[in-house]
Amino acid sequence: MSSLLIGKTVTPFLREHIPSLYAPIGKPNNEETAKAKNPNTRYCYRHRPDSKCRRAADEAKMIMIQNELDKLTPADQQAITHVWSLFSAAPARHRELMLQGVLSQLCFPQLSLISREVNEALKIDFINALPVELSQKILCYLDTVSLTKAAQVSQRWRELADSDAVWVFMCEQHVNRKCTKCGWGLPLLERKRLRNYTRQRQMAKDNSNGRIQELHESEETNGVTHNGKRLADSSDDEPDGKRRRVDESEFKQRKWKDVYKDRWEVGYNWKVGRCTVHTLRGHTNGVTCLQLDDHILATGSYDATIKIWNIETGEEIRTLRGHTRGIRALQFDDSKLISGSLDNTIKIWNWHTGECISTLQGHTDGVVSLHFEGQLLASGSIDKSVKIFDFNSKEAFCLKGHTDWVNCTRLDTASRTVMSASDDTTIKLWDLDTRRVIRTFEGHVGHVQQVLLLPPEYEPDDEILNGLNGTGDNSDSVSVSSGRGGTPTVSFVHADRPTSSPSRDGELRALYGPGFESETTRPLPARYFLSGGLDSTIRLWDSATGRCLKTMFGHLEGIWALAGDTIRVISGANDGMVKCWEPRSGKCDATYTGHRGPVTCVGLNDSLLASGSEDGEVRLYSFKAPS
């Protein structure tokens, strides 16, 4: 094609359709034409057919095209370039017409080439094309496995898939709770550091330099050395032993993906049963009770002693002596340890020093259970009574209603209630304001040894709530509640006939009695709880309706101990086994053996499981990821 012919045919076409390039803006009417056909508008080319597609070119493809073009003669190069220019300048309607004409002249090999090229060209990197916020929102819908695979697609995908905005959502969905979509639940971990950081934030509110001062050694309440002195994590200490100042930014610099990774490793170890086991020996008789904390383990025994252990080293820190008969119950916090014994007394200890601070007497027979929360202490005894002690007012009162040993007490100071379990095969929910029974739960056919209150966020599976589970109760559960006039009323709840759960707050409060119905601001008791008995079953109850929602089977002999959190429940039984249960579905996830006698007590935290037995040993299972 001659230059003259090009000037007469190609140039006018280009000048008409892309005047901003082929005709200066200063020429008449070109400025308006350029503005009218400006492709850089806020509309995407899919909604503006006449606008230009600004899709990024494929670098490798363009290099290949350039190499092939360089092999042609200058005249052929000019002709092909003019064809490209004409197509590029043409509006959408003209382009379609050109393509239809070209396609009608293609042979099958060329059509195959077009098919391959179009298939690749239609693939759009939507993550890279969309705004960052939309891309992160899309990635939040992926599970963790898919998210880690997405990070391997490209550098841009990795940058978005590893962003804190995505992984903080994953942490919120899984950490310290069971995900309703995938069933995964991850431990909270670092509870102590979280507590300390919260305290330090409060202390630093008025600090003008914006930095946080670590608590001094005398103010620490968790962690002890082999000689009983308290200390903080070694990572917070300088070589000279002084406490260093910790900047708030230290707690914010860690990526959420790393936070999730640490917890996923521990959660995966729980799921597959990967753990290390340590056996603690020191008691000369059976271990009857224990409590597990971040760094401390306290155990009580029939040998009338309480031992404090360092979990990290497995060493015995000290032994508390003072009771004259076996220890049946204990509980400790940062400052004190309270123990109940068969010598009819309750003792309060400073477990850091081993000093007995006070001795409470009130029961006429052995104390076999206790639980304190806030300023209240509840104890259960062989004398068939529940005794409530108020540390602030120094008052005490007795709750009588059971006809046999009271094996377990559980306080809920927020709702001002206490739950008790007894050898008379019943569980009672008491109102501490009226000192009367709200409801009696009957269903066990053996002595009820333990009650475990489930957290507010717990919700059973839908099939359990609807009564559709195939392993549910085949017998009627009986709930006895106290009426308005004080006369007990009996309500039969049939397990094989689904009972609609009350949803409205007013209806729910009415089920707990006039004390909750009249005081609308009073928090309600825990809605769901578990109980374990010597009939070898664990039962899930609805405290509002009195209904036994599910019975869990698996132990060969009676159940002595229960412990749990938002993710799992642990049980210990007379058959010498420890079982791990999924609380929402009631399925048994794992069974641990090793004790040579009945398992009488269990303890649980995010990465540790402890069990005590009548063989005098404590087995400590660590699910921590290797450092």
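Predicted model: local features only at pLDDT ≥ 70, side-chain atom pairs only at ≥ 80, totals over all residues.
Student: What makes up the protein chain, in helices and strands?

Tutor: The chain has 17 helices and 32 strands. Of its 627 residues, 46% are buried.

Student: Why is W157 called buried?

Tutor: Buried means under 20% relative accessible area. W157 has 16% relative accessibility, so it counts as buried. You will find W157 in helix 11, which spans residues 155-161.

Student: Which residues does W157 touch, leaving out those up to four places away in sequence?

Tutor: They are D125, F126, I127, A150 and A151. A contact here needs heavy atoms within 4.5 Å. As for S135, its C-alpha atom is separated from that of W157 by 9.2 Å, and the two residues are 22 apart along the chain.

Student: Which residues of helix 9 are buried?

Tutor: Helix 9 covers residues 132-139, and S135, Q136 and L139 are buried there.

Student: How do you know that they are on the same side of helix 9?

Tutor: Look at the arc they cover around the axis: it is only 95°, which puts them on the same side of helix 9.

Student: Let's turn to the cavities. How many of 30 Å³ or more are there?

Tutor: The count is 3. The second largest cavity holds about 40 Å³ of space. Its lining consists of R410, D412, T417, V418, M419, L429, L453, P525 and A526. Two elements give two or more residues to that lining: strand 16 (406-412) and strand 17 (417-422). Strand 17 gives the most, with 3 residues.

Student: Where does UniProt place the feature "repeat: WD"?

Tutor: The unreviewed UniProt entry places this feature at several spans, including residues 360-399 and 527-551. In the model, residues 360-399 are 0% helix and 65% strand, with end C-alpha atoms 17 Å apart. For residues 527-551, the end C-alpha atoms also lie 17 Å apart, and the span is 0% helix and 64% strand.

Methods:
Residues numbered from 1 in each chain as written. Heavy atoms only, no water. Buried < 20%, exposed > 50% of the residue type's maximum accessible area, 1.4 Å probe, protein only. Helix = DSSP H or I, 4+ residues; strand = E, 2+ residues; numbered from the N terminus. Arc of directions from axis to C-beta. 1 Å grid on protein atoms, 1.4 Å probe; cavity = no way out; pocket = protein on both sides within 12 Å on 5 of 7 lines; lining within 4 Å. Points joined across faces, edges and corners; volume = space filled by probe spheres on them. UniProt positions renumbered as here; feature names shortened; annotations may be inferred.
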